[in-house]
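Please read them with the structure open beside you.

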Amino acid sequence: MKEKSEKIGTQVGPCGIVCVSCPLGSGTIAETADRTKEYIKDCKIPEWAPMVSEDGGNIDWAQVDKGLEWMTKYAICAGCERGGGPPDCTIRICAREKGHELCSSCGELDSCTKFEWLKENGDKLKETLKKSRGMSKKEYIKSVEGSMPWET
Ligand code: SF4
């Protein structure tokens, strides 16, 4: 997982999301799922859950395990640069077509509506990209460290 974080550490989507700041990109979700799977087993949670509450007795723990196992493999993103990210992301598709590594180098950024699907985070990312016009990818990553919309 460490190796994965190192690979993702230099990645940024054209939308300005620094991949390592995202729990899917950093592998935090997959790691947490794996750890939770172990905790359930080590702490024997299915054995005492029915004694704690009625609901605890109705849980299909085999399915929980299956779901968590799935998350350890698939709730992880390789980053847009390596073929990850939402397959239908309007921003990545457009930026690729126009040849922009970051949307900050696009002349249509001000009027662009392709960030709308990211809701309020999309507005914030657009503002950040506007402020970072002219920066290289490396400079951009450094300038936004710890200030992605979900980090502030
Ligand atoms: S129009 Fe420009 S700013 Fe909007 S998604 Fe495409 S490349 Fe990015």
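How many Å separate the centres of domain 1 and domain 2, taken over C-alpha atoms?

1. The separation of the two centres, computed over C-alpha atoms, is 34 Å, and it should be read with the reminder that this is a predicted model. The domain assignment places residues 1-26 together with 85-140 in domain 1, whereas domain 2 covers 28-75.

2. As for the contacts between these parts, four residues of domain 1 meet four residues of domain 2. On the domain 1 side, the residues that touch domain 2 comprise three nonpolar and one polar, with no charged residues.

3. On overall shape, the radius of gyration of the chain is 20 Å, whereas a compact globule of 152 residues would have one near 15 Å. Along the principal axes, the C-alpha atoms occupy a box of roughly 60 × 30 × 30 Å, and 22% of the 152 residues are buried.

4. The secondary structure consists of eight helices and zero strands, so that, in this predicted model, the order of elements from the N terminus reads α-α-α-α-α-α-α-α. Of the contacts between residues at least 6 apart in sequence, 62% link residues at least 24 apart.

5. Turning to the ligand, the residues around it include Pro14, Ile91, Ala95 and Leu109, along with Cys94, Cys103, Cys106 and Cys112. His100, Lys98, Glu108 and Lys114 are also among the residues around the ligand. By class, this shell divides into eight nonpolar, one polar and three charged residues.

How values were computed: Residues numbered from 1 in each chain as written. Predicted model: local features only at pLDDT ≥ 70, side-chain atom pairs only at ≥ 80, totals over all residues. Near = placed C-beta within 6 Å. Nonpolar A, V, L, I, M, F, W, Y, C, P; charged D, E, K, R; others polar. Helix = DSSP H or I, 4+ residues; strand = E, 2+ residues; numbered from the N terminus. Rg over C-alpha atoms; globule rule 2.2 N^0.38 Å. Buried ≥ 20, exposed ≤ 12 C-beta atoms within 10 Å, placed from the backbone. Contact = placed C-beta atoms within 7 Å. Domains from an automatic or database assignment.
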